[in-house]
Amino acid sequence: MFYFLIISLAIEFSFRLFIEIREIKIFSRYNPLAWARLIPIVNDFVPIPETREPISESPFVRFHEEAHSKNKHNLKRLFIKTLFALSMLYCFIYFKMNLWNFVIFFHSMLFYLQIPYHWYLWQQEISADTYAQKKTSKNKAKKELENLLKQEIPYSSLFALFYREHPPARLRLSATQKIK
Ligand SMILES: [Zn+2]
């Protein structure tokens, strides 16, 4: 178990380092918080600033939120989180882990599983955007997401998949513009 955890931490560290370097190369901008994202466990608590200014309320935003509540997106997220917590608890008991091993194990699983989890959240966001676009118009959605694009601190899609619950505005814009 011990070696498994060490290897897992090493893989995670290299992955994060690779992503940070890639991000600096793409945007030639250094984030002062970036180094903190490399330290295991600390990185679970490093916040990612998403936009430069808060997004203002608009019909598009309201319909977007309405889609979330109509489709019970929060409930589905809660269900996944509960399932994750229960399976972690099961592993804790089944493998008879000590507390320290469990903390690292939990952290590692969180790291790997957040990738499919975020991908799933992105599908929810795109479907909420789609709903909001149908309730307003293609033009309104375009304007709204273009504004968001200006407000958003740019991150690559790969980076966002690791760290953000929302897809980059660029992706949201191209996904909604594809809708007939
Ligand atoms: Zn949303």
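Helix α3 passes helix α4 in a right-handed crossing, a crossing being right-handed if the near helix is turned clockwise from the far one by less than a right angle, and left-handed if anticlockwise. The model is predicted, and local features need pLDDT of at least 70, side-chain atom pairs count only at pLDDT 80 or more, and totals for chains, interfaces and linings use all residues. Residues are numbered from 1 along each chain as its sequence is written. The axes of α3 (residues 73-94) and α4 (residues 99-135) come within 11 Å and cross at roughly 155°, where axes are lines fitted to C-alpha atoms, for helices over the stretch in contact, and angles run from 0 to 180 degrees between N-to-C directions. The two helices are therefore roughly antiparallel to each other, a description applied to angles over 145 degrees, whereas those under 35 count as roughly parallel, 65 to 115 as roughly perpendicular and the rest as oblique.

On the α3 side, His73, Ile80, Phe84, Met88, Cys91 and Phe92 meet Phe102, Phe105, Phe106, Met109, Leu113, Tyr117 and Gln124 of α4, contact being defined by C-beta atoms, placed from the backbone, that lie within 7 Å. By class, this contact has 11 nonpolar, 2 polar and no charged residues, with Ala, Val, Leu, Ile, Met, Phe, Trp, Tyr, Cys and Pro counted as nonpolar, Asp, Glu, Lys and Arg as charged, and the others, Gly among them, as polar.

Helix α4 also packs with helix α2 (residues 59-70), their axes coming within 8 Å and crossing at roughly 130°. This makes α2 oblique to α4, and the crossing is right-handed. Phe60, Phe63, His64, Ala67 and His68 of α2 form the contact with Ser127, Ala128, Asp129, Tyr131, Ala132 and Lys135 of α4; 6 nonpolar, 3 polar and 2 charged residues take part.

In the loop between α3 and α4 lies Phe95, which is exposed, with 11 other C-beta atoms within 10 Å. A residue is termed exposed if 12 or fewer other C-beta atoms, placed from the backbone, lie within 10 Å of its own, buried if 20 or more do, and partly exposed in between. The C-alpha atoms of Phe95 and Met1 are separated by 8.8 Å, although these residues are 94 residues apart along the chain.

Taken as a whole, the protein has 7 helices and 0 strands, helices (H or I, at least four residues) and strands (E, at least two) being DSSP runs numbered from the N terminus. Of its 180 residues, 13% are buried.

Terms used
Two residues are in contact if their C-beta atoms, placed from the backbone, lie within 7 Å.
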